[in-house]
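This report describes a structure for a reader who is new to the subject.

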Amino acid sequence: EAQFSGKEDEEVWFGLEQEFTLFNLDEKTPLGWPKGGMPSRPQGPYYCSVGPENNFGRHITESLYRACLYAGINISGTNGEVMPGQQEYQVGPCVG
C-alpha cells in the first residue's frame, strides 16, 4: 500500500505471460518431438516460430486464443517458445 500512497492520480497497469507445453496423447512426448527422442535441430527455429515445420499445435493455440477473446479476457498475443510444442500467451495490459 505504501507504494501507492500519494499517487492516486496514477493508473496501475499489469500484464502476464503464461507458458505451457502441449503433449501427444501418450502424455510423455511433447508435440513435435519424435517418440522416445529429441528434436534433431537446435531450439532456435521454434522461438516465435513461423511455419508448420517449426510451430506445433498452432490450431490448438489459436482456438484457445479465440475462446479467451470470446470470454472477455484481454489477451494480447501468443507465440511459440524455445522448445517444440511449447507455447505462450500474453494478457494485458490491463487496468488494475
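In this predicted model, the sulfur of Cys48 lies 19 Å from the closest cysteine sulfur, that of Cys68, which is too far for a bond. A disulfide is a covalent bond between the sulfur atoms of two cysteines. The cut-off applied here is that the two sulfur atoms be within 2.5 Å. The structure accordingly contains zero disulfides. Cys68 is likewise in no disulfide, its nearest cysteine sulfur being that of Cys94, 11 Å away.

| Cysteine | Nearest cysteine sulfur | Distance |
|---|---|---|
| Cys48 | Cys68 | 19 Å |
| Cys68 | Cys94 | 11 Å |

The report now turns to the sheet. Three strands form an open sheet in the order E1-E3-E2, with antiparallel pairing. Strand E1 (13–21) and strand E2 stand at the edges with a single partner strand each, so one side of each has no neighbour in the sheet. From one strand to the next, the twist averages 15°.

E1 and E3 pair over eight bridges in the antiparallel sense, and Glu19 stands opposite Glu88 in E3. Helix H1 (residues 58–70) packs on this sheet and touches E1, E2 and E3. The direction of H1 makes about 170° with that of E2.

Strand E2 (residues 75–80) is joined to strand E3 (residues 86–95) by five bridges, and the two run antiparallel. Thr78 stands opposite Tyr89 in E3. The hairpin of E2 and E3 has five residues between the strands, and Gly85 in this hairpin takes a positive phi near 90°.

Notes: Residues numbered from 1 in each chain as written. Predicted model: local features only at pLDDT ≥ 70, side-chain atom pairs only at ≥ 80, totals over all residues. Heavy atoms only, no water. Pairing = 2+ DSSP bridges. Helix = DSSP H or I, 4+ residues; strand = E, 2+ residues; numbered from the N terminus. Axes fitted to C-alpha atoms, helices over the stretch in contact; angles between N-to-C directions. Contact = heavy atoms within 4.5 Å.
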